[in-house]
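Hello! Here are some notes to read alongside the model, as numbered points. Please keep the viewer open as you go.

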Protein chains: 2
Amino acid sequence: MDPRIRRHADVLVDHSTEIEAGERVVVSVPPAAEDLAVAIYERLGEIGARPVMLSGGTPIGSDRATRGYLRAIEGDAIPDPDHVEGLFADTDVIIRARANENVTEKGDVEPATMAAFSRAAEAARSEMLDSRWVLTQFPTPANAQLAGMSTEGYENFVWDAIDKDWAAQREFQAQLVDRLNEGSEVHIVSGETTDVTMSIAGNVAINDYGRHNMPAGEVFTAPVVDSVQGEVLFDKPLYHQGREVENAYLAFEEGEVVDYDADTNEETLGEVLDTDDGSRYLGELGIGTNRDIDRFTYNMLFDEKMGDTVHMAVGMAYEECVGEDNATNESATHVDMIVDMAEDSRIEVDGEVVQRNGTFWFENGFEG
Amino acid sequence: MDPRIRRHADVLVDHSTEIEAGERVVVSVPPAAEDLAVAIYERLGEIGARPVMLSGGTPIGSDRATRGYLRAIEGDAIPDPDHVEGLFADTDVIIRARANENVTEKGDVEPATMAAFSRAAEAARSEMLDSRWVLTQFPTPANAQLAGMSTEGYENFVWDAIDKDWAAQREFQAQLVDRLNEGSEVHIVSGETTDVTMSIAGNVAINDYGRHNMPAGEVFTAPVVDSVQGEVLFDKPLYHQGREVENAYLAFEEGEVVDYDADTNEETLGEVLDTDDGSRYLGELGIGTNRDIDRFTYNMLFDEKMGDTVHMAVGMAYEECVGEDNATNESATHVDMIVDMAEDSRIEVDGEVVQRNGTFWFENGFEG
């Protein structure tokens, strides 16, 4: 086994979830990530935890099996697999790994059926989120193919992004977290195409150093719902339900998206925005800080953490980001989109520059 | 996909477990049986049942992961994975498939650790047995190798044994079931080496037509515990914990094994008999009736159903076989061993021959 797989497992078990003797663990991995499962189980054995394995990919099983089920059941009345809630109710920690054999395996399932399936699994998902949990990626040939990379090159990319000094990363990010939590207004400018302001007053910035996502590496919060004003060109592609939306453009007035377009698959962007009332408002502002993620790989678990980027998500806000006096944007969707901030760009907080062309004020001491 | 895999799935879902719309199902399959999982999920989708997939092989996960866990945890204090009981408690039906990539995957785990693992999973197993359940085999190259067969030859063997007219098989076996339930004493003779009598008075013969095992094809009951008298040479090999015991010989007095030997691995046989008090008494007498199983494959799920054989198990008796006025043989083990009855052999019930050289009395009308 590649020694980086055991290191990956140690990061998940010891850093992300801090599993202790006797704790009840669910390891949810697709067959393609069996090596990672083996390494996780070895570590859990050393600790004396109690693992059970779900065959991951989806809440009910492997991608191929789930596709077969969804094509057979059809329609929009999919029964809730509620017996799995009994498992999660007694579970302390859930470790989930993505690992595809074919990233388009469910490409011929009707979108309405996919949406119904997502609703059916909502209670189980909610029960899962009540445990300590972490989501990660195992590098398969199919995931490398989606990234346009060789398998070995993709393995290097994934494990470089994961095998980091997370304590140091946490400290690095804490400086930005503190600045956001003290601030009120964020102003983001990139080239001629992005110029947007939003209030974060009273909301909470979160330091993502690997508690729920591995790789980690972002600082994120929620904008005050009706405060977003201006326009954004998301110049990194949006990859949503198998379709690539290039150069998505959103214009905001009092928080609401009042205009949009895109160079490709504009109708996909429109469908996202039309999901419900909340999907026309931002639920998240995130700033990527993981500089080992130095390329776009069509995988949001990595892309949103990319160094020198910001991302904004239309739809649902995370409750942990919303202060008690502020409203939470609610939506069935949460779709992240990314702006490259490496050149001709800046982030200001209350009129002070905190990042210029990807470099933070505390890195080279430029005047804020 | 081989069309026989979908037929296999239909037998499991429609015949063995009779799954209905809305029922909660756990599909427990190793990665090597993913095709079968896909076919089962398709059928469950057509029905509108609710599947969840456990990555089978063991109660906690894949064989490789379980091996890693057990070698890391060591010793005989393995914590119970009791959170999985919450899943099984709400489950209507469990479909389990065996499918190995390497049948000796756990060959370097200490026997004491394996035994401790088995005890740790006892509560979960017991909860599983309270559901409707079926156990089956998916034909992998490794399982073919254990059988000494080509993969294609083994696939033919497995699916021939499974794709049968189970209603007709049930009727065929019912004649033997009735005869055993009316009878009191069974006398089994094979060549010069096997001559054993036992009482079955008051106990119950069960018609195995595929409710819990697929393939099915046996009639089985429990001997009255202290009634077994005589000697048996089990001339089909016993394959136990990776070791092959050839020509196991047992001599019984008042039900108890008072002498034993074997041509190979006699100490393995001794370990089985020394498990506990109940492991020196018979818990089961079975008569194989599936004539598509025409060869020994080192897999008890098939071997015990082989046409023209009988098998006896030392150890635990199945409660369903024991009449209310009789005692149940209790033991932590249950090890089946097989006698070939194809030649120079007969089974008598209360002095009447019911099978001679593998042929039943109702098949050719010989005098009983």
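1. Let me begin with two helices of chain B. Helix α1(B) crosses α2(B) in a right-handed sense. Please bear in mind throughout that this is a predicted model. The α1(B) helix covers residues 3-16, and its axis lies 8 Å from that of α2(B), at an angle of about 55 degrees.

2. Which residues bring α1(B) and α2(B) together? From α1(B) come Ile5(B), Arg6(B), His8(B), Ala9(B), Asp10(B), Leu12(B) and Val13(B), and they meet Asp35(B), Leu36(B), Ala39(B), Ile40(B), Arg43(B) and Leu44(B) of α2(B). Sorted by class, the residues of this contact are 8 nonpolar, 1 polar and 4 charged.

3. Next, please look at where the chains touch. Chain A and chain B each bring 41 residues to the contact. On the side of chain B, the elements giving two or more residues are β1 (24-29), α2 (34-47), β2 (50-55), α3 and α4 (83-89). Of these, α3(B) gives the most, with 9 residues. The class count for this side of chain B is 21 nonpolar, 11 polar and 9 charged residues.

4. Helix α2 of chain A (residues 34-47) packs with helix α3 of chain B (residues 63-73); their axes are 7 Å apart and the angle is about 20 degrees. The two helices are therefore roughly parallel, since the angle is under 35 degrees. The crossing of α2(A) past α3(B) is right-handed.

5. What does each helix bring to that pairing? On the α2(A) side are Glu34(A), Ala37(A), Val38(A), Tyr41(A), Glu42(A), Leu44(A), Gly45(A) and Glu46(A), and they meet Arg64(B), Ala65(B), Thr66(B), Gly68(B), Tyr69(B), Leu70(B), Arg71(B), Ala72(B) and Ile73(B) in α3(B). The residues of this contact comprise 9 nonpolar, 3 polar and 5 charged.

6. Now for chain A as a whole. Its secondary structure consists of 12 helices and 20 strands. The C-alpha trace spans about 50 × 45 × 45 Å along the principal axes. The radius of gyration of chain A is 20 Å, which agrees with the value near 21 Å that a compact globule of 368 residues would have.

7. Two further figures describe the interior of chain A. Buried residues account for 52% of its 368 residues. Among contacts with a separation of 6 or more, 70% join residues 24 or more positions apart.

8. Is Lys106(A) buried or exposed? It counts as buried, because 20 C-beta neighbours lie inside 10 Å and the cut-off is 20 or more. Lys106(A) sits in the loop between β3 (93-98) and α5 (111-120) of chain A. Leaving out neighbours within four places in sequence, Lys106(A) is in contact with Asp63(A), Thr66(A), Arg67(A) and Met114(A).

9. Some backbone details are worth checking in your viewer. Most peptide bonds are trans, and most residues other than glycine have a negative phi. In chain A, the bond from Met214(A) to Pro215(A) is cis, with omega near 10 degrees. Pro215(A) is in the loop between β8 (213-214) and β9 (218-221) of chain A. In chain B, the peptide bond from Met214(B) to Pro215(B) is cis, again with omega near 10 degrees. Pro215(B) belongs to the loop between β8 (213-214) and β9 (218-221) of chain B.

10. Finally, please visit two residues with a positive phi. Asp350(A), which is not a glycine, has phi near 50 degrees. Its place is the loop between β18 (345-349) and β19 (352-356) of chain A. With 14 other C-beta atoms within 10 Å, Asp350(A) is partly exposed. In chain B, Tyr298(B) has a positive phi, near 60 degrees. Tyr298(B) lies in the loop between β15 (282-288) and α11 (300-303) of chain B. Tyr298(B) is partly exposed too, with 17 other C-beta atoms within 10 Å.

Definitions and conventions: Residues are numbered from 1 along each chain as its sequence is written. Chains are lettered from A and ligands numbered from 1 in the order in which they are written. This is a predicted model: local features need pLDDT of at least 70, side-chain atom pairs count only at pLDDT 80 or more; totals for chains, interfaces and linings use all residues. Helices (H or I, at least four residues) and strands (E, at least two) are DSSP runs, numbered from the N terminus. The radius of gyration is taken over C-alpha atoms; the globule rule is 2.2 Å times the number of residues to the power 0.38. A residue is buried if 20 or more other C-beta atoms lie within 10 Å of its own, exposed if 12 or fewer, and partly exposed in between; C-beta atoms are placed from the backbone. Two residues are in contact if their C-beta atoms, placed from the backbone, lie within 7 Å. Axes are lines fitted to C-alpha atoms, for helices over the stretch in contact, and angles run from 0 to 180 degrees between N-to-C directions. Angles under 35 degrees count as roughly parallel, over 145 as roughly antiparallel, 65 to 115 as roughly perpendicular and the rest as oblique. A crossing is left-handed if the near helix is turned anticlockwise from the far one by less than a right angle, and right-handed if clockwise. Ala, Val, Leu, Ile, Met, Phe, Trp, Tyr, Cys and Pro count as nonpolar, Asp, Glu, Lys and Arg as charged, and the others, Gly among them, as polar.
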